[in-house]
Every structure is written in C-alpha cells, then in structure tokens.
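Hello,

I am handing over the structure below, and my notes on it follow. Please read them with the structure open.

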Amino acid sequence: MKIEIDEGSGFCFGVTTAIKKAEEELAKTGSLYCLGDIVHNGMECERLRQLGLITIERNDLHKLHNVKVLLRAHGEPPETYALAEKNNIEIIDATCPVVLQLQRRIKRESERPQLVIFGKNGHAEVLGLVGQTEGRAIVVESLEDVKTKLDFTKDIVLYSQTTKSLDEFHDIVNYIQSHISDGVDFKSYDTICRQVANRMPNISDFAKRHDLILFVAGAKSSNGHVLYEECKRVNKQTKLIEGPDEIQAEWLEGIQTIGICGATSTPKWLMEQCMEKINMLQRP
C-alpha cells in the first residue's frame, strides 16, 4: 500500500509564526498566556500546554495584571489592546500580517453605512475585523444572509475573512452586482489569503490521485471544513479525522493508495502519526 502525505498541507505562515513565538517565550520562561486557542487543533494545543502555554478566554483577560499574553494569528479588536495597556499586560503580537493589513483597510472604511464582511460569525478573525468598525460591520455567512441582511438601495463595500472559499465569495459578488439598484455604489475586495486559496486546487488534485483520503483537522478549523468539503467533492472516499486513533482498519480493505492531508491548522507531526498508525494496522 502506498501512503502519501500532502506536501502542501500543514501550518500556514501565520500559524507557524505564532507557534514559533510561543515556543521561544516558553523556552525562556516556561509559562505564557495565550488569548484563545493558538491554533484550531486540539492536539497541537495540548502539546503546547505541556510546554507551559495557558489558554485563556476574553473574560479572563480582565483579571490578569503584569503578565505576558500572546495574541494568536487571527488578530484582535482594538479593545483587547486597550485592556492590556490598562492592566499592564505585555502583548506578544502574533497577528498574521495578512490579517493585520485587512484590519487596517476595514478600519479606514469603518464609517461606510454598509461595510460587509463575508465570514463566520463568532470566528476569532471576524471578531477582530468587526472590532475595527466598533461593531458596525455586517457579517454575512452565506448567499442567503446577503439576500436578507443587505439593503441594495444603499452603497455596499464587501470584504472577506481571509480563510473563506473563493468560489463562495465570487457567488456573493455576482449576486450583489445583479441586484444592486441603479446609481448605487458597490465595491468588493477579494481579501482571501492566497496561501489558503491556492490550497483548494492543489488539494483537489491530491485527492483525485488516491483511493482513500484521510483529512486531518480540528473540529474548530474553519479552513479545515472548506478544504475537507473540496476533498469529499472530488473523492467520495474521504474521511475527516482529528487524529490517528480514529483510523479504522476496515477503511484500508482493498485500498492501494492513501493520501493524508489537512488544514492550515494541522501540524505535520500529526499527519505523520496517522501514517504510522496505518503502517501499524497493516502489520500481521
């Protein structure tokens, strides 16, 4: 049986940088707070917890004083920085440069009557983006949201969460263009990260090459959900797993080639563990 790990899968630049900053600080002090899960992968979070990373929620930040707190790649709204300054918290800022640039663009447009963000409500990145507008931005998760939430008689400016589907974004742009009233201004900005967007065609090609695909991703990974659905679309024999313990021996029966791939939040070491588990299941 041939097993291949997708070379294009694994941490994106932003996640790699955030984890490197955490590891560097933990090597020096043995302890560090992180606001929210540093990455949407439970096993990687557990690895870092064992090194001393303490994950906190927003409510916990109010109680902390005179400590260091890592801000993950997803970014944070302005009030997080203001609270950190008030409580004498030293920020280790690991906001992804792509997200940071998007935050700045949205802040400049924050007075627009209909500033729209295509993204997932409650997602960490989206909370940071909406925060740049003091809560005025309209979040749309789907084409149905566009139909019910927007006023097509008023100007619209559209941005996207960096990890959303490029095809879905284009569908939304096309719908607005065909329904906007005459004389009303509509501007759309494709702010989807190309490191993420380019994975879609690559992972599609990868999924076609194998009899069975094991897609490894954490349950919270928004990017993982999008990429998994693409794998499933081109290869019905695609299984979504969080780790090697979920692999079932019966999946391997009659299989000649297995492809292992994952999200931008999936560590390479976890995919390698999945390959080891397959090899173990094949042993007599």
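In what follows, an angle between axes under 35 degrees counts as roughly parallel, over 145 as roughly antiparallel, 65 to 115 as roughly perpendicular and the rest as oblique. The axes are lines fitted to C-alpha atoms, for helices over the stretch in contact, and the angles run from 0 to 180 degrees between N-to-C directions. Helices (H or I, at least four residues) and strands (E, at least two) are DSSP runs, numbered from the N terminus.

This is a predicted model, in which local features need pLDDT of at least 70 and side-chain atom pairs count only at pLDDT 80 or more, while totals for chains, interfaces and linings use all residues. Residues are numbered from 1 along each chain as its sequence is written, and side-chain values use heavy atoms, with hydrogens and water left out.

Helix packing

Helix α5 (residues 97-108) packs against α6 at an angle of about 30°, and their axes are 8 Å apart. The two helices, α5 and α6, are therefore roughly parallel to each other. On the α5 side, the contact (heavy atoms within 4.5 Å) is made by Val99, Leu102, Gln103 and Ile106, and on the α6 side by Glu125, Gly128 and Leu129.

Aromatic pairs

Rings of Phe, Tyr and Trp (its six-membered ring) pair if their centres lie within 6.5 Å; planes under 30 degrees apart count as stacked, over 60 as edge-to-face and the rest as tilted. The whole structure has three such aromatic pairs. One of them, Tyr159 with Tyr189, is stacked, at 5.0 Å centre to centre and 20° between the planes. Tyr159 is in strand β8 (residues 156-160) and Tyr189 in the loop between β9 (186-188) and α9 (194-197), so this pair ties together parts that are 30 residues apart in sequence.

Buried means under 20% relative accessible area, exposed over 50%, and partly exposed in between (1.4 Å probe, protein chains only). Tyr159 is buried at 1%, whereas Tyr189 is partly exposed at 23%.

The rings of Phe215 and Tyr228 are tilted, because their planes stand at 55°, with centres 6.2 Å apart. Phe215 is buried, with 0% relative accessibility, and Tyr228 is buried with 14%.

Positive phi

Asn66 is not a glycine, yet its phi is positive, about 60°. This residue is in the loop between α3 (58-61) and β4 (68-71), and Asn66 is exposed at 56% relative accessibility. Glu134 also has a positive phi, near 55°. Glu134 is in the loop between α6 (124-131) and β7 (138-140) and is exposed, with a relative accessible area of 69%.

Regards
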